[in-house]
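Here's a quick tour for anyone meeting this structure for the first time. Take a look at it, then read on.

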2 protein chains.
Amino acid sequence: MGNMGDMTEPRWLTDEEQRVWRAYLHATTLLEDHLDRQLQRDAGMPHVYYGLLVQLSQAPRRRLRMTELARSAKITRSRLSHAIARLEKNGWVRREDCPSDKRGQFAQLTDEGVEVLRRNAPGHVAAVRQAMFDRLSPEQVEQLGAIMRVLAEGLEPADAGADLPWLR
Amino acid sequence: MGNMGDMTEPRWLTDEEQRVWRAYLHATTLLEDHLDRQLQRDAGMPHVYYGLLVQLSQAPRRRLRMTELARSAKITRSRLSHAIARLEKNGWVRREDCPSDKRGQFAQLTDEGVEVLRRNAPGHVAAVRQAMFDRLSPEQVEQLGAIMRVLAEGLEPADAGADLPWLR
DNA sequence: CCTACATAGTTCAACTTTCAAGAATGAGTC
DNA sequence: GACTCATTCTTGAAAGTTGAACTATGTAGG
C-alpha cells in the first residue's frame, strides 16, 4: 500500500550523488559528535543546550518565551521543557511567568549562565574554527553558506506546503 | 584551568562566518530531523538504524563484524550493540558467532531485513533527492562534496593527533 | 456568560544514546 | 602454562529525545 501504485522506477542517486551524500553524512556526524564531546567535557552540557544559552544571551533582557526559543533552536517544545529543567537545575537559567499571558513562561539566562558562556565561548569558537573555517578557503565558506541556505529553505516551512507548493 | 593561560584574545568568528555557521547548523538539523521522521514513519526506525541496514546490505554475505560496522557507521560499539539488539528483535538482523575469533560477532541482514530495505529505499531516496539534490545545481553538488571531504578529513583520525598535529 | 476551539507549556512512557564497568577471548612474554 | 595486556562485545544506569496526552489559559462567536 502507500506509494506502491507508482510504477515508475525511482530515480536512484548517481554515483557522484551517492559519494556526496555519504561525505555529507560522514562529515556532519563527525562534526556534531566532536562539538558535543568538546562541550560536554568543557562545559558539562551537550551542544544543543549550549546553543540555547547562546540564544538567550542574545535576546533582549536575556530571556525568551519558551515557544520562541524552541522555534529558533529548531527543537520541539517538549524537548525544550526537559532541557530548560536541566539547565535550571544547573542554575544557568531561571523560569519566569509571563505577565501578559498566564500560560506563558520566559526562560531567562542567569548571571551564572552568562559566566558559563563567557568561560566556554573561546574554547567553543576555537573548536568550530579548527573544524571548519581554518580548513576551508574563503570561496568554500561562501559556497557552503549559499548551499546551506538553499537546503534550509527547502525544509523550513517544513511539512506544510511541501507537497502543496502552490499554497506558499 | 586548562587553556586559561592563553592571554590572547580568541579569534571570534566574523559576521560572515557566523552567518555561515548558523546556516550550517540550521540546515543540518532540519535535514536530519526530516529524514528521521520520514524513516520513523515509513520504516519504523531512525535514520541511523536504516543506515546500518544499508551498510549490511552492501557487505559480502550481507554481514559485518560488529566493530567494522560500528566504525563504518561512525558510532560506538556500545551504541551498536543496543541498536543491533533492537533490529534483531524486529527480525531484520541476526547475530552469528565468528568462527575464527570467539569474541567476535557478525551482524547479518535477514531476508526480512532485505525486504524492509527494498520497500523503503525508494521513499528514502526520494526524500534525500527532494531535500538536497533537486535543489542544488551540479556545481553546488560538486562544491558540497569537496567541502564535506575536507571537513571529514579534519575530524577523521579524530581526537588523537588533533592537538598534536606534528604526530600525524 | 457559554461553548468551542486554539495556544502555551508540561508530563508520562517508550525509546535511544552515552559512559563506565564487566566478561570473555586473543596475543606476547617469560 | 602463567602472567599481563589488548581487543571484542555486552550490560546497566543515567541522561536525553520523542510523541501523545494533559492542564491551563486565551480567543472568537453566539
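## Where protein meets DNA

The residues of the surface near DNA strand C split into two nonpolar, eight polar and nine charged. Keep in mind that this is a predicted model.

| Side chain | Atom of DNA strand C | Distance |
|---|---|---|
| B:Arg79 | phosphate oxygen | 2.5 Å |
| B:His82 | base oxygen | 3.2 Å |
| A:His82 | base nitrogen | 3.3 Å |

Which elements give two or more residues to this surface? They are helices H3 (66–73) and H4 (77–89) of chain A, along with helix H4 (77–89) of chain B.

Now for the two protein chains. Here, 54 residues of chain B touch 54 residues of chain A. Together the chains bury about 5,600 Å², with 69% of that on carbon and sulfur atoms. On the chain B side, B:Trp21, B:Arg129 and B:Leu155 lose the most area to chain A, together 11% of what that side buries.

There are four salt bridges between the chains, including one that joins the side chains of A:Arg11 and B:Asp134 (3.5 Å, N to O). Helices H1 (15–43), H2 (47–58), H5 (111–133) and H6 (138–155) of chain B each give two or more residues to its side of the contact. H1(B) has the largest share, 17 residues. By class, that side of chain B has 30 nonpolar, eleven polar and 13 charged residues.

Key. Residues are numbered from 1 along each chain as its sequence is written. Chains are lettered from A and ligands numbered from 1 in the order in which they are written. This is a predicted model: local features need pLDDT of at least 70, side-chain atom pairs count only at pLDDT 80 or more; totals for chains, interfaces and linings use all residues. Side-chain values use heavy atoms; hydrogens and water are left out. Contact means heavy atoms within 4.5 Å. Buried area is the accessible area (1.4 Å probe) that two parts lose on being put together, summed over both. Helices (H or I, at least four residues) and strands (E, at least two) are DSSP runs, numbered from the N terminus. Ala, Val, Leu, Ile, Met, Phe, Trp, Tyr, Cys and Pro count as nonpolar, Asp, Glu, Lys and Arg as charged, and the others, Gly among them, as polar. A polar contact is a pair of N or O atoms within 3.5 Å; within protein, one must be able to donate a hydrogen and the other to accept it, and residues adjacent in sequence count only if both atoms are side-chain atoms.
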